[in-house]
Every structure is written in structure tokens, then in C-alpha cells.
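Have the view open as you read, and take the points in order.

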Protein chains: 2
Amino acid sequence: MISEYIANLKIKQYGGSFISCPSSWAATHVTSSYHKLYFPVSGEARITAKGHTHFLKERQLMLIPKGVTHSFSLTESCHLEKYWLHFTAYSEGTDLFSQFTDITVWDFFSDDMFTKLTGYFDQLFATERTNAVELSLLQQASLFQICALLFACSPEKIPSTLENAPLHSKKSVILKYIDEHLADSLTIEQLAKVVYMHPTAFIRYFKNRMGMPPLKYIKYLRLERAKLYLETTDYAIQEIASLTGFTTTSHFSREFKAAYGMSPVQDRKSVY
Amino acid sequence: MISEYIANLKIKQYGGSFISCPSSWAATHVTSSYHKLYFPVSGEARITAKGHTHFLKERQLMLIPKGVTHSFSLTESCHLEKYWLHFTAYSEGTDLFSQFTDITVWDFFSDDMFTKLTGYFDQLFATERTNAVELSLLQQASLFQICALLFACSPEKIPSTLENAPLHSKKSVILKYIDEHLADSLTIEQLAKVVYMHPTAFIRYFKNRMGMPPLKYIKYLRLERAKLYLETTDYAIQEIASLTGFTTTSHFSREFKAAYGMSPVQDRKSVY
């Protein structure tokens with residue numbers, strides 16, 4: 001059920017602010033493990049991805065979903081004031097933005113919509129609050145409001161798995177279990193038991209619903225989680241391997257390289 | 001760290017609306033496993049708890065924390081229009097409102113504050129949205145905003161454990177692990193391993209920080225969670241026992257009765 005999925009949703013911010021960009025603001029072929037939002041209020045940005053160049057103008061909001069390799073810089077005008085936000089949004093091990101596989105741009109030309117969005121950003125980046133708990137709670141509220149606005153503008157991007165999903169479906173129980181036990185060793189027998197199924201029937205069921213066998217899905221999720229930790233925390237490689245359920249660091253590095261074409265250390269460096 | 005705790009916070013709503021109360025609105029000696037908010041905009045409510053009677057008037061917000069036995073009814077005026085909300089707010093297995101052990105009342109007499117609070121409630125109970133995902137996200141945002149307002153009004157009620165807590169402390173790692181593995185069988189050896197401690201040292205550490213030994217804490221958490229399921233879901237007793245890590249239904253019923261003085265079935269009936 002959607003409300004259950006959203007009640008379990010964790011939206012995490014990995015940086016963000018209102019900024020007047022210096023001319024040095026540029027990078028080529030970056031890929032991040034979090035989603036990015038850019039919202040210029042004056043000036044212009046150039047973003048290139050998948051062979052297409054976007055000139056992002058004021059009052060246009062751009063979403064660069066995680067995993068989309070892109071380059072960015074100022075344009076000839078050399079002027080850009082923008083809100084920016086890096087974030088993830090997961091519930092039950094699945095990404096709320098899974099249907100966004102490409103860069104998306106929305107116009108916020110009407111004053112009404114513009115005020116709404118900048119209001120959410122201002123609330124998110126405000127620092128003058130009575131205390132740290134109020135501050136964090138309001139930041140969290142802003143993240144939910146910003147995501148709500150994106151889905152209000154893009155109803156067609158609602159994950160199809162969320163529509164008509166029954167409350168506490170086997171699938172959501174399984175995904176939640178995997179998400180919460182990712183650091184542990186997970187076996188088919190154990191997962192099958194969680195939903196009271198025979199292991200063989202469980203594998204068939206899982207493949208049918210998720211499009212891949214359970215152990216492949218678990219490896220995928222472990223690597224994605226590890227990539228996020230690499231790019232957003234300063235945990236040691238060894239800690240990350242342990243947190244994402246890899247038994248040894250060398251096993252982790254080997255799998256990571258096979259999946260992303262670079263070592264964990266290279267990936268971490270590529271962000272800065 | 002507070003922001004980490006809040007990013008992991010799940011606020012769940014268990015009913016709520018704007019309602020003109022019928023004269024039948026009354027109950028005696030009820031105890032719930034969720035927090036209650038009452039906010040009259042006209043009329044008056046009588047709430048009695050711990051031998052003290054409150055006459056709750058318009059523009060006064062009342063929090064009845066979970067576990068506080070109370071009675072409620074209309075007053076002689078026989079008129080009450082109010083917003084009400086039942087909710088829980090947990091992160092890492094601990095209640096955001098753990099410092100609220102008694103009924104608390106705040107005045108929202110200024111138009112400014114009144115408009116803010118009713119705005120949050122109206123957003124929470126609104127149903128006209130573009131789609132179900134926008135709706136759920138905005139409801140979630142409202143819950144965070146309402147909690148933010150309560151802590152803005154009561155900075156002294158911030159859980160002391162949150163202040164100056166280091167990022168990813170052993171304690172928060174342990175509490176998160178217990179919270180996520182409550183349905184599984186949990187052993188001291190397993191918990192100690194999670195934070196790389198010797199079992200004996202772990203027990204000493206846990207008692208020191210949490211005021212009770214780990215297994216006692218786990219039992220307490222299991223019973224609290226079970227009580228919540230009983231009062232807010234229609235799961236069978238057997239399912240609840242399994243979800244909260246009790247190996248048999250009879251063991252669950254015995255422990256529940258010892259803790260709350262009534263059987264699970266009696267507790268479920270007491271809510272209605």
C-alpha cells in the first residue's frame with residue numbers, strides 16, 4: 001500500500017544549499033549514487049548527459065537521477081544562482097524514484113509554483129530554529145514536500161509496483177527484510193521462511209516479481225549501498241564491506257570492480 | 001547525532017480528522033500505545049488523568065502520551081469541534097516523545113501560531129491531491145511539521161540521549177539493530193558482535209547506558225510493539241506473537257498478561 005511504503009520512506013540529504021556559483025563550478029562525466037536537484041533562480045547552467053546538452057534556465061527544476069553520468073558547467077553568461085540538493089529516498093529497499101531513469105526538467109514559471117518550491121527549499125536550508133530537534137524535523141518535512149511536488153508534476157512516474165499493492169504483501173515483507181538484514185549473511189532458506197514459502201517456490205516467486213533471482217538482487221543492493229557509503233561517508237573500505245554484508249574486503253573490491261569498472265577507492269576519489 | 005536520529009524517524013498515523021464530536025464522545029480509563037493530540041477550535045473537552053481534570057478549551061493543544069491512563073468526555077456545554085490525531089514516532093527503537101510522561105497542554109492563542117497549526121492539520125487531512133504518492137508524502141511532511149512545532153514549544157523535552165550524541169555511536173547502532181531484528185531470536189553473543197564487544201563487557205555497557213540489561217530491554221520493546229499491533233491492526237494474535245519475536249502464542253500471552261495485567265485479547269477489546 002502506498003501509505004505504508006511512504007510511512008517507511010527515509011529521505012536523506014547529502015548536501016544542498018542556495019549558492020551563487022563560482023566560475024569554477026564544472027565537472028565532466030560524474031556519476032553519483034544519490035539524486036541531484038538543480039533549481040536556478042537567475043543565470044544559466046549547462047548540463048550534458050547521454051549525448052544531449054540541456055541549458056537550464058531560471059525557474060526550471062532539473063532532476064539528475066542517481067547513476068546518470070553527466071557533465072556540468074556555467075554557460076557563456078558566467079552567472080548562476082541556484083538551489084541545489086543531493087538526496088536519496090528509499091523504502092523497503094526500493095528507490096522512490098526508480099521510474100526516473102533520465103534527466104527530467106520541470107518549469108516553475110508561475111509565481112504560485114515558484115513561491116511554493118522556493119518556500120520548501122528555504123525551509124530546508126533555514127538554520128534559525130528554537131532547537132536542533134525542531135530544525136531536523138522541519139528539514140525532513142521539507143524533503144517530503146519537495147518529493148511530493150515532483151510526483152504532483154509527474155504522476156506517470158509513480159513506481160508501478162506501488163499501485164494496487166496490497167497491504168503487507170509478501171513482496172514488501174521480503175524487500176523490507178532484505179533491506180534491514182543487508183549486513184548479515186542472507187540465505188534463500190532464511191528468506192523463504194520469512195514469507196512461509198518453500199525455497200524453490202520462493203525463488204520462482206521472487207524472479208517473477210523482481211525480474212531477477214534473489215541472490216542477484218541482494219548483490220545488486222549491497223553494491224548500490226556500498227557505493228552510496230563510499231561517496232557520502234568517510235567510513236573505511238573495510239567498514240563499508242562489513243556494513244553491506246561482504247565477508248572480506250578483497251571480495252567486496254572484486255565485486256565492486258566487476259560491477260562499476262573501478263575499485264572502491266577510485267569511486268570515492270571520483271566524487272571530489 | 002540528532003539529524004541522523006530524525007532522518008531515521010518513522011512517524012505513523014493511527015487515525016485522525018477534524019470532527020464535530022457527538023455527545024456520545026466519552027470513555028473512561030483508557031490507555032493507548034500511541035500518542036494522542038486533541039486541538040479544539042470551538043467548545044470544550046474534559047480530560048481526566050492521574051487524578052487531575054483538565055478542561056481543554058479552544059486553541060489549546062493537548063498531548064496525551066502513550067501509556068497515560070485517561071478518561072474523556074464533553075462538558076456541560078455539550079459542544080466540541082476539534083482536530084485529533086493518534087500517532088507514534090520511533091527511531092532506532094526509541095520514542096521521540098520519551099520525555100513526555102504526562103499530559104501536556106500548549107496555548108495557540110495568537111492568530112499566527114493558530115494558523116500555522118491548523119495549516120499543518122489541514123494539510124494532513126486533505127484528500128484532494130494529484131495522486132496517492134503526493135498525498136502520502138504531504139501527509140508525512142505534516143506529521144514532521146506538527147512534531148517540530150511541539151518541540152519548538154518544549155525545548156526542555158528533547159530526549160537527553162539525543163544531545164551531544166556522537167554520529168553512529170555504539171548505542172544507536174545497537175538500538176537500531178534490535179529494532180530491526182525484533183522478530184528474530186536475539187542473543188547477547190549476536191548483539192555484542194554487532195559492536196565488536198565481548199559479551200560480558202557488552203552487558204555492562206548496555207546496562208550503563210540504558211538503565212536495564214539488554215534482554216530485559218528487548219522484552220520490553222517486544223511487548224510495547226505487540227501492544228501497538230493489537231490496538232492498531234487486525235493481525236491475528238499468532239501473527240503478532242511471531243512479528244514481535246515470541247516463539248509461541250502461549251508464551252506471548254503469559255508475558256503480556258504479566259506486564260499489562262490483561263491478556264492480548266482483553267487489550268484489543270479495551271480500545272473500542
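1. Let's begin with Glu180(B), which counts as buried because its relative accessibility is 18% (buried means under 20% relative accessible area, exposed over 50%, partly exposed in between, with a 1.4 Å probe and protein chains only). Glu180(B) sits in helix 4 of chain B; helices are DSSP runs of H or I with at least four residues, strands are E runs of at least two, and both are numbered from the N terminus. Leaving aside residues up to four places away in sequence, Glu180(B) touches Glu180(A) and His181(A), where contact means heavy atoms within 4.5 Å.

2. A word on reading the model: it is predicted, local features need pLDDT of at least 70, side-chain atom pairs count only at pLDDT 80 or more, and totals for chains, interfaces and linings use all residues. Residues are numbered from 1 along each chain as written, chains are lettered from A and ligands numbered from 1 in the order written, and side-chain values use heavy atoms, without hydrogens and water.

3. How much area is buried between chain B and chain A? The value is about 3,300 Å², with carbon and sulfur atoms giving 63% of it; buried area is the accessible area (1.4 Å probe) that two parts lose on being put together, summed over both. Lys10(B), Val133(B) and Leu137(B) supply 18% of what chain B buries against chain A, more than any other three residues. The contact takes 40 residues from chain B and 40 residues from chain A.

4. Two salt bridges are found across this interface, a salt bridge being a side-chain nitrogen of Lys or Arg within 4 Å of a carboxyl oxygen of Asp or Glu. Lys12(B) forms one with Glu4(A), and their closest N and O atoms are 3.4 Å apart. Several elements of chain B each supply at least two residues to the side that touches chain A, among them helix 1 (2-7) and strand 1 (10-20). Helix 3 of chain B gives the most, with 14 residues.

5. Finally, the aromatic rings: there are 47 aromatic pairs over all chains (rings of Phe, Tyr and Trp, the last by its six-membered ring, pair if their centres lie within 6.5 Å; planes under 30 degrees apart count as stacked, over 60 as edge-to-face and the rest as tilted). Phe121(B) and Phe125(B) are stacked because their ring centres are 6.1 Å apart and their planes at 10°. Phe121(B) is buried, with a relative accessible area of 0%.
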